[in-house]
Structures are given as structure tokens and as C-alpha cells.
Amino acid sequence: MLNYIWLALLLIGILTAAGSDFFGADPGYPALSRVTNEGVVESARVAVTLAIGLIGIMSLWLGLMKIAEQSGLIRVIARWVRPVMTRLFPDVPAEHPAMGAMIMNISANMLGLANAATPLGLKAMEELNKLNRKAGTATDAMCTFLVINTSNVQIIPATVIAIRASAGSASPAEIIGPVIVATTISTIVGIATVRLLSRLRVYRRQLEEGVGA
Amino acid sequence: MTAFADLVGLLSVIAIPCILLFIVVYGAIRKVKVYEAFVEGAKEGFDVGVRIIPYLVAMIVAIGVFRAGGAMDFLAMLLSPVTDLIGMPAETLPMAIMRPLSGSGALGVLSETVTAHGADSLIGRMASVMMGSGETTFYVLAVYFGSVAVSRTRHAVAAGIIADIAGILASVWIVNMIWG
């Protein structure tokens, strides 16, 4: 997918420039020179400058995350998340290992501990699959879990802040509040949608024995 | 609505000092050697910076070519009836499209957008909020369902996409409300 998008961006970009030069848009500074100077040479330089510029904030954040990891902060967040989770997953027994793994995964995601979150998430899927009565078909619990996961509940978007700082923002962290608002809305919409859709007959029938996709 | 905007602004101001203090103090209470742990974790920062360079070069050059050649303006003009309607600058479209597809790709798009328009412009802020509030939906679905050999994903994809669209619209709304 990314291969096609990348190719299309380059292809369309260069063809558009060639086209506008051909029809004589600006003879003083042809679009193709602009592509060469700003599009290619300058962009490649900026990419490295930005990457180097974000090392400081990334180091700070990864350092803090190491403290969070070693102090078991995930378990504190997990305690806050648990009551909500048990309500969102009526099909999963509260004591089942799947519940524990899901809670830990979502807590790690909230802290932005991506490296810790993925193995926990895969463990959660494995445990959820043990409750699955129809192999190869997603259960309601799996769908809900993944929608919470993909609507991103991260508290501090550290990478975004680092990129903004590197690009010379006067206030790189000013997007934290808006991000929390936007991500909360998308999570609520995601959970509501997954609940509504799970009641549709098309999707219900796929859970019954002997009915294919 | 201004009271709400103030509250959101306050959240941005206090979030980092609070979390910094909380993590360090909690670590100390749990007898973690906070300084040593910090330094150990911070060492990875350099690797992150170096590791993302190829992705940034690939994506920033591609978007840079697309923009410098005039194709971005053309696309913006083409889609302006739709994007104007929801108050979304067309320049943030690449971010909205890339976010669910690829994390490193979206990081490249964000970098290009904040460089071209400025991190503190409306466009730069909107792209930042989209990046922060989104997730690589298709990647997560593929990896997680793939790990347990689930091929009939039922309503997960539809709900994931709807949540993504809600996130984009929410980003547009909140950024316009605060800085518009």
C-alpha cells in the first residue's frame, strides 16, 4: 500500500510540474527547478536535521519511560482502567487471563510504552481466542479490544512534541490538551460503533456455527 | 466554549510537569534508582533519531516533490468544496490519509507539514493533533488478527475506520475552536 502511495506522490508531483512548465506557468522559475531545489535537495536535508533535532526530547522521554517501567507504573494505571474494562467486555470473565492482558496492554498504550504494549496485546488476543467458539472468526470482545487499541488512548504524544520542537515551535507541548480531547472523542465513537455494529444481523450470523464469511 | 478552550489549554501546560514529577516521585517511592534508570532509557533516544532518518527522507522528499511541483495546490483546489465545508485545510489531507496506514509514513508527513507551514500555524497544529490522536489502524488490525489466524474480522475494520474519521473530525473541530 505504502509502495503505491510513495510512487504516486513522486510521479504525480513530477508530472504536474512538467505539465505546468510545458504550458508556461512561470518562465522565471520553472516548477521543475522548484521540484529539484525545494522538493528533493532541501527536503532530504530537512529530514536529517529534524531527526537529529528530536533526539533530545526522545531521550528525555525514553528515560522517564524507563523509570515508569521499572517502578511498575503500568500496574497503577491498570487499577484505574479495570472497572471500565470489565464493563466493556461482558463476555470476558473478570478473572480470565484475557482481561488481565487487555488491561495491561491498554495501560501501556496510555503511557505510550509501545514496546511493552505489543507483546501484551498479542497475549490478550491469544487469550481472547481461547474464549472463541469459532476459530478464524473475530469475537465481539476481539473487535471491541482492537477498536480501543486503534483509536489510541495515549496521554502524552511524545514523538509529535519532539518533531514540533525540532521544527522550531515556540510551544511544542500546546497540542497535548487538544490531542486528549480528539482521542477521547474517537475512542468513544469507536466503542459506540463497535457495539452498534455487533448487533447487526450480518455480523451476528457470522458468529453462528457453519456460516462462512 | 472559551471556558472549555481554557481548560484544554491548561491541560497542555500542566501535563508534562505533572507527569514528569509523578513518574520520578513514584519511581523513588518504589525504590527505583531514578537517575540510573533515566540514563539507561535515555540512551535509546539517539537510536530512535537515527532509525527514523530513512523513513523521514523517503516521505519528506515525496511530499516535498508533490508540493513543490504544484500538485498539492491542485489537489487542494479540487477538494476544497469538501474540505472547506468541515473547516479542514486541504494541506492536512496527506496526514489524514497517511495516519491509519503507516506510523513512520505519518511521521514523515507531519515533519514535512510542520516544516512547510510552520509548527505553530493552524495547519501545523492540526496535523500535529491528527498525528497524536490517531493510530496505525490497518497495521494493528493486520498484526493482531493475524497472530491468532482470524480472517473473518466482522465489524472490526468498519468500526476502526469510523473511529479514525471521528478522530480526524474531532482534531479539525478542536484546533479550529482553540486557534481558528
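**Interface, salt bridges and surface of a predicted two-chain model**

Five salt bridges cross the interface of chain A and chain B, a salt bridge being a side-chain nitrogen of Lys or Arg within 4 Å of a carboxyl oxygen of Asp or Glu. The model is a predicted one, in which local features need pLDDT of at least 70 and side-chain atom pairs count only at pLDDT 80 or more, while totals for chains, interfaces and linings use all residues. Residues are numbered from 1 along each chain as its sequence is written, chains are lettered from A in the order in which they are written, and side-chain values use heavy atoms, with hydrogens and water left out.

The interface also holds 19 residue pairs in polar contact, both residues at pLDDT 80 or more. A polar contact is a pair of N or O atoms within 3.5 Å; within protein, one must be able to donate a hydrogen and the other to accept it, and residues adjacent in sequence count only if both atoms are side-chain atoms. On the side of chain A that touches chain B, α9(A) provides the largest share, 16 residues. Helices here are DSSP runs (H or I, at least four residues), numbered from the N terminus.

The size of an interface is often given as the accessible area lost when the parts come together. Between chain A and chain B the buried area is about 8,000 Å², and carbon and sulfur atoms give 77% of it; this is the accessible area (1.4 Å probe) that two parts lose on being put together, summed over both. A:Leu9, A:Ile67 and A:Thr150 supply 8% of what chain A buries against chain B, more than any other three residues. In terms of contact (heavy atoms within 4.5 Å), 104 residues of chain A and 92 residues of chain B take part.

A:Ser186 counts as buried because its relative accessibility is 2%; buried means under 20% relative accessible area, exposed over 50%, and partly exposed in between (1.4 Å probe, protein chains only). Neighbours within four places in sequence aside, A:Ser186 contacts A:Ser151 and, in chain B, B:Ser133, B:Ala163, B:Ala166 and B:Gly167.

Side chains of opposite charge can pair when their charged atoms come close. Over all chains, a search of the whole structure finds eleven salt bridges. One pair joins two chains, because A:Lys66 lies in helix α3 of chain A (residues 55–70) and B:Glu44 in helix α3 of chain B (residues 44–51). The closest N and O atoms of A:Lys66 and B:Glu44 are 3.9 Å apart. A:Lys66 is buried at 14% relative accessibility, whereas B:Glu44 is partly exposed at 32%.

A:Arg164 and B:Asp120 form a salt bridge too, with 3.3 Å between the closest N and O atoms. This pair also joins two chains, since A:Arg164 lies in helix α8 of chain A (residues 158–166) and B:Asp120 in the loop between α7 (103–117) and α8 of chain B. A:Arg164 has a relative accessible area of 0% and is buried; B:Asp120, with 30%, is partly exposed. A network of salt bridges links A:Arg164, A:Glu174, B:Asp120 and B:Arg125.

Within chain B, the side chains of B:Arg67 and B:Glu112 meet in a salt bridge at 2.6 Å, N to O. B:Arg67 lies in helix α4 (residues 53–68) and B:Glu112 in helix α7, so the pair ties together parts that are 45 residues apart in sequence. B:Arg67 is buried at 18% relative accessible area, and B:Glu112 is buried at 7%.

Two backbone features of chain B also deserve a look. Most residues other than glycine have a negative phi. B:Lys31, however, has a positive phi near 65°, and sits in the loop between α1 and α2 (34–42) of chain B. B:Lys31 is exposed, with 75% relative accessible area. B:Arg154 likewise has a positive phi, of about 50°; its place is the loop between α9 (137–147) and α10 (156–179) of chain B, where B:Arg154 is buried at 7% relative accessibility.

Finally, the surface of chain B carries a nonpolar patch made of B:Phe4, B:Leu7, B:Leu10, B:Leu11, B:Val13, B:Ile14 and B:Trp173, with about 630 Å² of accessible area together. Patches are made of residues with over 30% relative accessible area and no salt bridge, like charges being joined within 9 Å and nonpolar side chains (Val, Leu, Ile, Met, Phe, Trp, Tyr) within 5 Å. Accessible areas come from the Shrake-Rupley method with a 1.4 Å probe; for residues, only the protein chains shown count as cover. Helix α1 of chain B (residues 2–29) gives the most to the patch, six residues. B:Val13 is found in this helix and is exposed, at 60% relative accessibility.
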